[in-house]
Amino acid sequence: MSRRLITALSSLLFNHVDAWGVTLSISLVCLIIHQMLTPDVLIVPVTLAVAYWLGFAVNDYFDAPFDAQDEVKGSRNFFVLQPISPLFGVGLFGVVTVASLLVLQRFGQPGWVVTALGSVALLAYSMPPLRFKTRPGLDLLMHMAFVQTFPYWATHYLLGLTWTTLDSLLIVLFLLSSLAAQLEQQLRDYDLDRRVERNFTTVAGRQVSGMLLRLVSIGLIATFLYGWWVSIIPAWLLPVGLIVLPIIIHRLIRPITQPRSEWLVRGMVALGLLYVFSLSIVR
């Protein structure tokens with residue numbers, strides 16, 4: 001196996017570990033909150049994590065022509081390092097989608113609904129001619145609805161759980177967190193994006209997006225503190241907030257033109273996964 005292929009496979013598996021790792025954690029947290037963490041339902045967070053890995057791989061596939069114009073982004077995109085035929089890409093998407101449906105159909109109609117919504121959103125966000133990620137405003141809304149919010153809602157919906165005040169508060173936090181993540185990514189890629197495509201930040205400008213990112217980050221802290229103050233957030237969830245806090249503080253203090261620290265984000269994601277896994281064992 002060539003060194004180039006090894007590098008490409010590594011990027012395919014681990015470049016978006018922060019995305020599918022967060023998905024896995026969010027789904028597990030939903031199970032823990034509702035005391036549904038049993039071996040027979042663990043297939044839900046695992047399937048969602050695999051589906052999100054696929055989703056970001058599909059996004060990379062359609063982004064490859066643009067990422068190839070940037071040395072750093074191109075070096076992290078499997079499809080730039082190891083181009084594949086469109087037929088192979090469609091086949092991979094089809095296989096994983098069908099596999100996900102076969103797993104989730106055991107939950108009846110909710111399984112079909114979750115698979116359909118996820119698949120349509122995945123393609124609409126990345127694939128031409130819709131490619132919502134290039135439509136200012138829709139790019140933010142899609143990220144808010146499907147990056148962190150959807151895994152929690154999907155887990156809840158698949159298992160027919162009872163909706164609580166804590167669920168509502170967490171959905172608000174996930175909406176804000178997903179919005180912040182999209183703004184942060186657009187600010188990071190601003191120089192490339194303004195040359196090749198349009199999005200909210202290339203239209204509104206760095207200063208507006210940077211100010212909005214800071215406001216959303218402050219809103220995240222305020223919402224979490226409110227939930228803790230009025231005793232909606234249980235004590236065992238407080239460490240999750242503390243794990244995320246360094247990422248939020250870094251957003252607030254660094255210059256707008258400075259990208260996020262990938263090591264900080266991945267380190268906190270790993271720490272969050274470790275904490276959630278420990279909860280899964282002891283609860």
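Q: Which residues form a nonpolar patch on the surface?
A: This is a predicted model, where local features need pLDDT of at least 70, side-chain atom pairs need 80 or more, and totals for chains, interfaces and linings use all residues. Numbering runs from 1 along each chain as its sequence is written, and side-chain values use heavy atoms, leaving out hydrogens and water. The patch (nonpolar side chains joined within 5 Å, each residue with over 30% relative accessible area and no salt bridge) has about 600 Å² of accessible area together (Shrake-Rupley, 1.4 Å probe). Its members are Leu225, Tyr226, Trp228, Trp229 and Val230.

Q: Is Trp228 buried, partly exposed or exposed?
A: Trp228 sits in helix 12, residues 206-229 (a DSSP run of H or I, at least four residues). Buried means under 20% relative accessible area, exposed over 50%, and partly exposed in between. Trp228 comes in at 43%, so the call is partly exposed.

Q: How are the rings of Phe150 and Trp153 arranged?
A: They make one of the structure's 8 aromatic pairs (ring centres within 6.5 Å; planes under 30 degrees apart are stacked, over 60 edge-to-face, the rest tilted). Their centres are 5.6 Å apart and the planes meet at 35 degrees, so the pair is tilted.

Q: Which helices does the pair of Tyr152 and Phe174 tie together?
A: Both residues are buried. Their ring centres lie 5.5 Å apart with planes at 45 degrees, so this pair is tilted. Because Tyr152 and Phe174 are 22 residues apart in sequence, the pair ties together helix 8 and helix 9.

Technical notes
Patches are made of residues with over 30% relative accessible area and no salt bridge: like charges are joined within 9 Å, nonpolar side chains (Val, Leu, Ile, Met, Phe, Trp, Tyr) within 5 Å. A salt bridge is a side-chain nitrogen of Lys or Arg within 4 Å of a carboxyl oxygen of Asp or Glu. Helices (H or I, at least four residues) and strands (E, at least two) are DSSP runs, numbered from the N terminus. Buried means under 20% relative accessible area, exposed over 50%, partly exposed in between (1.4 Å probe, protein chains only). Rings of Phe, Tyr and Trp (its six-membered ring) pair if their centres lie within 6.5 Å; planes under 30 degrees apart count as stacked, over 60 as edge-to-face and the rest as tilted.
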